Amino acid sequence: MSNHSNRNWQIVTLTSLFLGYVGYYICRSNLAVATPLLLSEESGLGITKIQIGTVASVGVMLYAFGKIINGYLADFLGGRLMFLTGMLCSILFSVLFGLAAGLTLFILIWACNRFVQSMGWVALVKTASRWFPVQWHATVMAILSLSFLFGDAFARVYLGSLIMLGENYGSLSFLANWRTVFFVAAGTLTAIAIFVYFTLKSSPHDVGLEEPEANPLNVFGAEGNHAQRISIKEVLKPLVASPLFWLICVMNFSLTLVRETFNFWTPTFLNEVAQFDIGSAAVGSMLFPLVGGCSALLAGITSDRLRGRHGRVVLPSLILLVLSLVLLSTVDVTGKPYLALTLLSLVAFFLMAPYSFLSGVMAIDLGGKRGCSTVAGLVDSAGYLGAILSGHTVGMIAQYYGWKMAFGGLAGICCTAIIAGAIYWMIQEREMNLAQTLSEINPPEANDVPSS
């Protein structure tokens, strides 16, 4: 086939993955949007912030566990199958949550939902690794990162607007019911899943095209160009020997904790402190992923222009993230909605630039086609182990000591990410400079290293 056909299929694949993961987020952000309704006296549930935080934290725990299992399964079974399976299961559990009542059922069903949701990103990474050349990796993964950032923003505006309609019009009061939020989310993901089923292909080979080569610096070497099934031992052995892998995990531990905290608690924070009403708080919370999406896209384009030297983008962003969290923990935003949104936007901008790299382009570059889903899954699982604290622990700190103390704690934790980012920068720069020197001495045609 022609290059024109190849480019068309890459656009179709990018669109399918993007819309599919937006759908995943509609069935994930629904709990954050519905939380003020679940906490309200009108719900009749008698649930506290600590209890709903427990629901979120158990869900994050299962999500982290699922990343480990499903990351390897995506490398073993293929991206398309895992992507669609996760969507169908998430639809089922969203409906069940909307039908449930009581803390025990909430915990159980939400945990199951988060487990199957862990299939989505690793399957997306696997599929992207087989469709796009290395020189586009950072930009492509930045665009795909917009799916969970803008998808999160869209979910909050979409579901929050329905709540506002229900609050403002008596005939539509059923829309301001927390159960409706989950049913609408499930129906929307169903429509998206049908589209993805007919448009997404696992590999260019499925449509008679050649696959681009993997990053030659992946931990599997020349074998990283092949997506054949191998044992978990063969996948893990070169990964655990890579210092870059462990540094990425350390950074993701801190940054996912921050991201999940703001994903889950922003509507509640805006409602309680900035004094938005519940529907407006849900809509206002979409600014966080929206600003973060712009940051991720800018960071991806910049990194590709720097020829994949990700550390030059990551480290400055981490330093500015800590400063932004310190501001949020010291400035009084009580009854000041615009100031609260401004400070939240600063955190989002400097958080999402480095975060979007960790289980995206860094996973593809490190794992190649052979192990990229496993890398993404393990890196994400390390992140979500940290994010377990974002629900129950952050909720407890906010309830007993206030939001400023919670944000100050996050700033302290992110200092570990700065240290890991600095070491990552030095190691990656050294490896890329060495590879460039060797390439100049021995051109690609003269050795066995595949050219990208």
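## Aromatic pairs

This predicted model holds 27 aromatic pairs. Take Trp9 and Trp131 as an example: their ring centres are 6.4 Å apart and their planes meet at 25 degrees, so the two rings are stacked. Planes under 30 degrees apart count as stacked. The pair joins distant parts of the chain, with Trp9 in helix 1 (residues 3-39) and Trp131 in helix 4 (residues 103-131), 122 residues apart.

The two partners also have their own surroundings to look at. Trp9 is partly exposed, with a relative accessible area of 23%, whereas Trp131 is buried, at 0%. The cut-off for buried is under 20%.

## An aromatic cluster

Tyr21, Tyr24, Tyr25, Phe83, Trp121, Phe148 and Tyr355 form one aromatic cluster.

## Arginines over rings

Arg80 lies over the face of Tyr197, 5.2 Å from the ring centre. The charged end of Arg114 sits over the ring of Tyr63, at 4.3 Å from its centre.

## Helix 12

Helix 12 covers residues 337-358, which is 22 residues.

Where does helix 12 bend? The bend, of about 35 degrees, is at Met352, and the proline Pro354 follows within four residues. Helix 12 is also mostly covered, as 16 of its 22 residues are buried.

How values were computed. Residues are numbered from 1 along each chain as its sequence is written. This is a predicted model: local features need pLDDT of at least 70, side-chain atom pairs count only at pLDDT 80 or more; totals for chains, interfaces and linings use all residues. Side-chain values use heavy atoms; hydrogens and water are left out. Rings of Phe, Tyr and Trp (its six-membered ring) pair if their centres lie within 6.5 Å; planes under 30 degrees apart count as stacked, over 60 as edge-to-face and the rest as tilted. Helices (H or I, at least four residues) and strands (E, at least two) are DSSP runs, numbered from the N terminus. Buried means under 20% relative accessible area, exposed over 50%, partly exposed in between (1.4 Å probe, protein chains only). A charge sits over a ring if NZ of Lys or CZ of Arg is within 6 Å of the ring centre and within 35 degrees of the ring normal. The expected span of a helix is 1.5 Å times one less than its number of residues. The bend at a residue is the angle between axes fitted to the seven residues ending there and the seven starting there.
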